[in-house]
Amino acid sequence: MTTEHHGRLQDRVALITGGASGIGQATAVRFAEEGAHVVIADLPAQSAGAEETIARAQALGRNAQFVAIDVTEEAQVEEMADAAVASFGRIDVLVAAAGISHDARGALRPSLLELPTEAWQRLLDVNLTGVMLCNRAVAKRMISGEVRGSIINLASVAARRTHPGMTTYSVTKIGVWMLTRGLALELAPYGIRVNAIGPGLIASPMTYGYFGGEEGVADMGQRAPLQRSGQPIDVANTALFLASDESSFYREP
């Protein structure tokens with residue numbers, strides 16, 4: 001006798017920003033493996049990566065779609081949330097993984113004394129305001145749909161410690177940490193869980209850009225106790241736990 005397998009996120013709807021690459025992509029595929037339908041939100045320039053993510057989710061038998069978005073634009077964020085609800089009826093999980101580590105126009109890891117103000121502002125807009133906008137838009141729709149959902153934000157170990165050239169990034173990530181703590185309190189009465197993940201060094205396109213390529217990330221990884229950098233799947237598995245009923249504190253009867 002065989003028993004049909006039901007994944008830990010069976011038929012739930014997950015909206016993942018930054019889902020075209022790195023941690024976002026790994027999380028979307030991992031969620032699809034566990035039965036979730038996924039909405040991938042990323043910049044229009046990342047459409048190729050987003051389509052790859054969608055193809056991998058669809059190969060697992062899940063529904064998936066891409067929404068082109070800049071998370072710093074409030075109107076686009078609201079349209080993204082509306083599109084997810086229009087397609088799937090609700091949003092059960094948000095993973096706010098969209099983020100940047102440095103401004104591509106400036107020198108790699110510039111001192112704050114040398115960083116153009118517009119570069120400082122860009123990191124704040126993407127990494128902090130963008131997370132807030134996505135959290136708020138999805139939370140409103142969870143509340144109106146009476147969904148006891150899960151919101152998962154990507155913070156960083158950089159919220160706890162920093163290094164020269166990382167000041168702005170660390171400021172944005174400690175902001176995400178406190179945003180998460182505050183929203184967890186505000187949304188608890190609605191049964192909505194809000195958590196943050198604070199990864200260390202993860203091998204991804206973002207860290208490749210920050211540390212000068214794959215070799216630079218590998219060199220940095222040698223400083224870790226296991227003498228390697230983390231992989232996106234390591235974070236995806238953590239997000240899966242937070243998205244699932246296993247982290248819910250209570251269970252519905």
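## Ground rules

This is a predicted model, where local features need pLDDT of at least 70, side-chain atom pairs count only at pLDDT 80 or more, and totals for chains, interfaces and linings use all residues. Residues are numbered from 1 along each chain as its sequence is written, and side-chain values use heavy atoms, with hydrogens and water left out.

## The whole chain

The chain has 8 helices and 6 strands. These are DSSP runs numbered from the N terminus: H or I of at least four residues for helices, E of at least two for strands. Follow the sequence and you get the pattern β-α-β-α-β-α-β-α-β-α-β-α-α-α.

Of the 253 residues, 50% count as buried (under 20% relative accessible area; exposed is over 50%, partly exposed is in between, with a 1.4 Å probe and protein chains only). Now take contacts (heavy atoms within 4.5 Å) between residues at least 6 apart in sequence: 72% of them join residues at least 24 apart.

## A closer look at α2

Helix α2 covers residues 47-59, and at 1.5 Å a residue its 13 residues should span 18 Å. The expected span is 1.5 Å times one less than the number of residues. Its end C-alpha atoms are 18 Å apart, which agrees.

Which residues of α2 are buried? They are G49, A50, T53, I54 and A57. Seen down the axis of α2, the buried residues fall within an arc of 140° (taken from the directions from the helix axis to the C-beta atoms), so they line one face of the helix. An α-helix has 3.6 residues a turn, so residues three or four places apart point the same way. On the other side of α2, A48 and A59 are exposed. The buried residues of α2 pack against α1 (22-33), β2 (37-42) and β3 (64-68). Just after α2, G61 takes a positive phi of about 85°.

## α1 and its two partners

The axes of α1 and α2 come within 9 Å and cross at roughly 15°. Axes here are lines fitted to C-alpha atoms, for helices over the stretch in contact, and angles run from 0 to 180 degrees between N-to-C directions. α1 and α2 are therefore roughly parallel to each other (under 35 degrees; over 145 is roughly antiparallel, 65 to 115 roughly perpendicular, and the rest oblique). Q25, A28, V29 and A32 in α1 meet G49, E52, T53, R56 and A57 in α2.

α1 also packs with helix α8 (residues 232-243), at an angle of about 50° and with the axes 8 Å apart. That makes α1 oblique to α8. Among the α1 residues that meet α8 are I23, T27 and F31.
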